Amino acid sequence: MIISCFIGVCVLLFGPLVSSACNVTLYAQGEPLNFTSPNYPGNYMSNDNCYWDIYPQTRGYNVILDMVFSDIQGSSGSNCPYDALTIYVKNNGDQRIGESKRICGQSRLNLFTREDQHIHAMFETDNSVTRGGFLIKYYETDGHSCGLSDLSASSVAWTNLTSPGYPSNYSNNLNCQWTISAPVGYEIKVEVVYFNVEYSTACSSDYLLFSDGSTSLGKYCGRSNITRVDVSSRNYMTITFHTDGSDTALGFNLKYKAGTFLTTTTEITNGLNCGSPLLRASSSTWTYLSSPGYPNINYNNNMDCRWTVSAPAGYKIKVEIIVFSVEFEATCAFDYLLFSDGSSSFATQLGKYCYGPRNVVSSSSAMTITFHTDGSTTDRGFSLKYMARTSGANGFNCGSSLLSASTSTWRYLSSPGYPNYNYNNNMECKWTISAPAGYKIKAEIIALSLEYEATCARDYLLFSDGSSSYDTKLGKYCNGTRDVVSSSNVMTITFHTDGSVTGRGFSLKYMARTSGCGTDEEINEYETNYIESPNYPLQYPSNADCSWTISTRLEGYVIHVEVVDFYLEPHSSCSYDYVQLYDVTGTDERSLGRWCGSNGPDTQSTGMSMKVRFLSDSSNTLKGFKLAFTAVEPTSSRCGTDEKINEYETKYIESPNYPLQYPSNANCSWTISTRLEGYVIQVQVVDFYLEPHSSCFYDYVQLYYVTGTYERSLGRWCGLDGPDPQSAGMSMKVRFHSDSSSTFKGFKLAFTACEPTSSSSVSPNLGGIIGGVFGGIVGVAIVTCCCCGICSRKKSTTNDQSQGNRSREVNLNTVYTVPVSNYPPTTATTQPAMFTPPPAYSEVVKDDPPPYCQAVPLSDILPLVTSSPNGASSYQGTDNPAGPS
């Protein structure tokens with residue numbers, strides 16, 4: 001019983017030490033090590049916050065991260081609002097961030113540091129769904145290493161591969177080779193995100209070579225905006241990167257994925273497969289067609305392949321040429337693709353091409369495609385896709401021509417095919433939008449990507465003020481975003497395209513607005529509402545008096561306003577035209593400020609409602625304003641309050657946006673006080689991470705002892721060294737300042753009111769120091785006992801993923817040794833098809849010591865970085881069990 005009680009007291013007192021075990025500094029070695037999400041390969045926990053700092057073991061070397069597995073709540077390509085792993089590349093000296101990646105879903109990456117840089121990885125989870133987490137290898141190189149040579153392609157998510165040192169220049173005399181493999185039955189697809197390699201004739205100096213077995217798929221150098229490189233015909237591909245001893249460049253960033261991308265063919269002509277001559281177009285998915293041999297080998301001479309593509313009655317055929325590389329001649333007399341409008345190559349020609357991507361649409365449910373080559377030069381050929389489309393404008397449906405505008409919500413309109421496909425040539429879509437009497441139509445162009453010409457004579461979007469395109473023109477546009485307002489309750493929109501280049505198209509929204517101004521708006525979660533001056537972006541009227549009330553039903557949230565555009569008549573005291581904001585609580589209204597000229601508001605309410613009033617006088621009028629309103633938690637931009645502390649109470653203050661990065665140019669001030677006579681305010685650090693500086697000149701927290709109007713500084717802190725437990729009188733002031741450069745995670749400080757010691761709170765206490773030393777020695781012994789007790793309990797308790805208040809010792813599972821060999825796949829029973837499960841735990845740790853049940857010295861738990869004694873050979877540290885000894 002006594003032992004059990006002792007262990008319980010240990011856990012209570014020293015639990016925070018164990019919970020911080022994932023917050024460690026690691027040292028990369030030549031052989032790959034790894035770090036994982038807590039509890040890996042089981043699901044990570046909710047409400048977790050871990051970080052890892054990873055340095056090279058050898059000074060002057062670089063760190064490489066290779067993400068082996070990722071399954072984090074969220075979707076790839078999003079801003080990861082739920083759970084996220086954020087990886088920063090930081091300078092060792094000033095801790096400035098060189099680049100950062102925020103990862104969720106099943107995204108994977110390869111990341112390199114440069115010399116004198118390290119990795120700072122931060123994993124944060126919310127209180128909702130948990131997933132499998134992540135496993136990341138890390139190791140060091142001398143800057144000339146190519147990284148791992150054997151890579152695996154996922155069929156679920158893209159994986160990135162970059163040249164050594166990217167985004168800095170690669171090194172001379174590199175010979176890198178990577179083999180990418182996929183499951184049997186899949187091919188490898190590679191897309192280039194960025195490409196800049198030293199150019200030379202025939203790419204003889206520096207080059208990137210793609211090979212499919214013994215067959216070359218392409219050899220590249222120079223600088224290019226290539227977006228698609230190659231698809232293998234097998235389940236593996238080899239990529240070779242060679243550099244000579246002369247000039248270097250930034251290199252490349254590409255991504256690869258496993259899938260089924262090629263079209264199977266059966267009919268043989270001239271020794272190569274032309275494929276079946278009869279093809280069927282689907283109305284729901286694209287079907288692919290390529291020249292014989294593509295992309296592995298060039299097509300043959302003297303070929304005549306013919307395919308007839310049919311679609312259901314009432315549909316048309318749309319074709320998009322993806323890649324087109326054939327022998328060029330101005331009239332396309334040698335090698336060409338011929339598109340005919342019907343089931344015969346003798347039908348009306350839709351186009352004859354020998355260069356460039358094209359979109360082609362039939363006028364009926366059949367199209368014939370002919371591929372002809374002569375007896376001379378051959379090339380890679382072509383790849384195209386086709387699909388059945390409903391009868392509309394050239395195969396795309398313009399939709400209903402009569403639209404009605406809502407008085408309460410925005411409605412949306414986009415070009416046919418947007419955003420998945422480019423619009424077609426020779427389109428003429430027309431929509432007439434009507435609103436109730438007394439209203440006007442307002443349209444906002446969200447995206448506009450058309451063929452550009454200075455007078456918009458080719459492809460354009462035309463707005464007319466009435467029910468016909470021949471009425472007064474409100475605007476004719478082919479680039480940029482615009483707001484357009486009608487003068488009546490009817491507007492006509494015409495979308496015209498010519499027979500040449502096509503683009504992505506447009507997306508716009510429209511709404512009915514009253515001729516007056518002012519409404520009540522309610523904001524939901526993740527929503528932004530906008531209000532505008534009358535006639536915006538045209539001049540507002542004289543003698544306007546408008547009032548809006550913006551509110552939310554989200555309990556505890558406040559209204560935040562930001563300026564999108566603001567231009568009113570200026571005046572020193574804003575007496576002419578102005579916007580005034582009010583904090584609304586019940587029937588009480590408190591002014592938040594008045595704005596005019598070009599300086600608009602950027603503030604927030606203290607409650608769930610805000611009132612906006614716009615007044616203009618009888619003189620000058622200008623463009624007006626557009627303001628954005630969102631519902632936010634008060635702490636998201638709150639910066640300084642006055643706090644009162646009662647007995648047995650703890651108050652916390654945090655940097656803005658904590659635990660995310662605080663903003664630049666912040667100046668916050670808090671005053672913490674108590675009414676308990678004879679008590680003093682004491683502060684302790686919960687978390688602290690500011691930009692470091694020897695004299696804390698950039699970003700800092702400064703504490704002040706406050707008596708009446710008198711303030712005396714207690715000190716200034718920055719970097720990772722927050723204030724030691726400090727006491728002041730019945731009032732303490734906290735000031736936080738950040739400059740315009742780097743920002744970091746910030747801080748969280750705890751304040752309590754306590755009885756003062758017999759000596760001054762800011763004077764040294766010799767007895768306390770001696771007691772602290774003795775207590776520290778005893779503490780080490782207690783921690784050892786505690787960890788053994790926790791270990792014993794861990795062995796006898798199953799891990800219940802559903803428990804709400806979990807023990808934090810699971811965070812010790814952060815450092816394993818990873819075998820260099822590939823991970824064999826495990827059987828997935830609950831994951832969706834095509835999902836690659838995480839490596840088995842036994843495959844990850846192999847013969848490593850168990851991650852939990854062992855006594856852990858304090859030096860293995862607390863993050864510690866010390867300089868190398870000789871300042872040159874290596875970093876030293878004892879907090880990484882797999883690190884240097």
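Visitor: How many disulfides does a search of the whole structure find?
Guide: A disulfide is a covalent bond between the sulfur atoms of two cysteines. In this structure, which is a predicted model, the search finds 9 disulfides.

Visitor: Which cysteine is joined to Cys-80, and what is the S to S distance?
Guide: The partner of Cys-80 is Cys-104, at an S to S distance of 2.2 Å. Distant parts of the chain are linked by this pair, which is 24 residues apart. Cys-80 sits in the loop between β4 (62-71) and β5 (84-91), and Cys-104 in the loop between β6 (97-103) and β7 (110-112). The angle about the S-S bond is -80 degrees, and the link is left-handed.

Visitor: Is Cys-80 buried or exposed?
Guide: The cut-off for buried is under 20% relative accessible area. Cys-80 has 1% relative accessibility and therefore counts as buried. Cys-104, with a relative accessible area of 2%, is buried as well.

Visitor: Why is the disulfide of Cys-456 and Cys-478 called left-handed?
Guide: These two cysteines form a disulfide with their sulfur atoms 2.2 Å apart. The torsion about the S-S bond of Cys-456 and Cys-478 is about -70 degrees, so the disulfide is left-handed. Because Cys-456 lies in the loop between β34 (439-449) and β35 (460-464), and Cys-478 in the loop between β36 (473-477) and β37 (483-485), the pair ties together parts that are 22 residues apart in sequence. Cys-456 is buried at a relative accessible area of 7%, and Cys-478 is buried at 1%.

Visitor: Where do Cys-574 and Cys-596 lie?
Guide: Cys-574 is in the loop between β43 (558-567) and β44 (578-585), while Cys-596 is in the loop between β45 (588-595) and β46. A disulfide joins the two, S to S 2.2 Å, and with -75 degrees about the S-S bond this link is left-handed. Both Cys-574 and Cys-596 are buried.

Visitor: Let us turn to the sheet. In what order do the strands of the open sheet stand?
Guide: Strands of a sheet pair through backbone hydrogen bonds, either parallel or antiparallel. Here 4 strands form an open sheet, with antiparallel pairing, in the order β41-β48-β43-β46.

Visitor: Why is one side of β41 and of β46 left without a neighbour in the sheet?
Guide: β41 (528-532) and β46 (603-604) are at the edges and each has a single partner strand, so one side of each lacks a neighbour in the sheet.

Visitor: Over how many bridges do β41 and β48 pair?
Guide: β41 pairs with β48 (residues 624-632) over 5 bridges in the antiparallel sense. Ile-531 stands opposite Leu-627 in β48.

Methods
Residues are numbered from 1 along each chain as its sequence is written. This is a predicted model: local features need pLDDT of at least 70, side-chain atom pairs count only at pLDDT 80 or more; totals for chains, interfaces and linings use all residues. Side-chain values use heavy atoms; hydrogens and water are left out. Two strands pair if DSSP finds at least two bridges between them. Helices (H or I, at least four residues) and strands (E, at least two) are DSSP runs, numbered from the N terminus. A disulfide is a pair of cysteine sulfur atoms within 2.5 Å. Buried means under 20% relative accessible area, exposed over 50%, partly exposed in between (1.4 Å probe, protein chains only).
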